[in-house]
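Hi everyone, thanks for making time.

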Amino acid sequence: MSYGDVMTTRAIRSAERRAEILRAALEVIAERGYRGASLAAVAERVGLTQQGLLHYFPTKEALLVAVLAERDKWDAMPDSQWRLDLLASLTEYNAMRPGIVQTFSALLGESVTEEHPAREFFTQRYEAVRATMAQVLRAEYGERLPSGLTPERAAPLLVAVMDGLQYQWLLAPEDVDMPGAFRDFLTLLGEAPGVSED
């Protein structure tokens, strides 16, 4: 076996081990939530020591960012195939996985501080998400929404509603119907502003 073959085999094993760790982290997060998802619990689930896990992910934040990136891959769809009704379905799907939504929301909140390991992930993610949402809105409404806003002006609002509803739902799941509220927002989005009667 050549040196190149050995290195390729090691790289494959390392990638498989990382994928196994990410799956385990998702399970632990789903079971215990963001705060309860310790490195030790994830390491135990994959038969590693905590030190062994740190070889693959040097911090809990690095592991959680990788989990979120993996989640985005699973949720991914070519930008041209997203539609508003699919966004509503994604909101319903998110309501079935509170551990992942909690992890996303907690890391998002922390990432606004300088030097946070998730800051770059979220900055790049939001840039891409706003562009995708602008495409979705353009496909649905053309160059102007019924309100007169361009898709680029409305896209950050759409993203803000999705994320804001997640926070409200996490805080009061009995009181906030996240999928229903998002569908209500889509109704508002498609309505032309009322004409005032003078």
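Let's start with the record: which residues does the UniProt annotation "DNA-binding region" cover? In the unreviewed entry, that annotation covers residues 38-57. A word of care: UniProt positions are given in the numbering used here, feature names are shortened, and annotations may be inferred rather than shown by experiment.

Some ground rules. This is a predicted model, where local features need pLDDT of at least 70, side-chain atom pairs count only at pLDDT 80 or more, and totals for chains, interfaces and linings use all residues. Residues are numbered from 1 along each chain as its sequence is written, and side-chain values use heavy atoms, with hydrogens and water left out.

Back to residues 38-57: the chain there is 70% helix and 0% strand, with the end C-alpha atoms 12 Å apart. Helices here (H or I, at least four residues) and strands (E, at least two) are DSSP runs, numbered from the N terminus.

Now the inside. The largest nonpolar core has 55 residues, and Leu63, Leu87, Phe122, Leu158 and Phe182 touch the most other members. By nonpolar core I mean a set of buried Ala, Val, Leu, Ile, Met, Phe, Trp, Tyr and Cys residues joined through side-chain atoms within 4.5 Å. Buried is under 20% relative accessible area, exposed is over 50%, and partly exposed is in between (1.4 Å probe, protein chains only). Helix H1, residues 3-36, gives the most to this core, with 8 residues. And where does the core lie? Both domain 1 (1-67) and domain 2 (77-192) give residues to this core, so it lies between them; those bounds come from an automatic or database domain assignment.

Next, helix H5, residues 84-94. Its buried residues are Leu84, Leu87, Ala88, Leu90, Thr91 and Asn94. They cover an arc of only 155° around the axis, which puts them on the same side of H5. That arc is taken from the directions from the helix axis to the C-beta atoms.

So what does Phe182 contact? Setting aside neighbours within four places in sequence, Phe182 is in contact (heavy atoms within 4.5 Å) with Leu87, Ala88, Thr91, Leu158, Val161, Met162 and Leu165.

Then there's Arg183, in helix H9, residues 178-189. Arg183 is partly exposed, at 36% relative accessible area. Not counting residues up to four places away in sequence, Arg183 touches Ala88, Ser89 and Glu92.

Last stop: Asp72, found in helix H4, residues 60-75. The C-alpha atoms of Asp72 and Arg125 are separated by 9.3 Å, with the two residues 53 apart along the chain.
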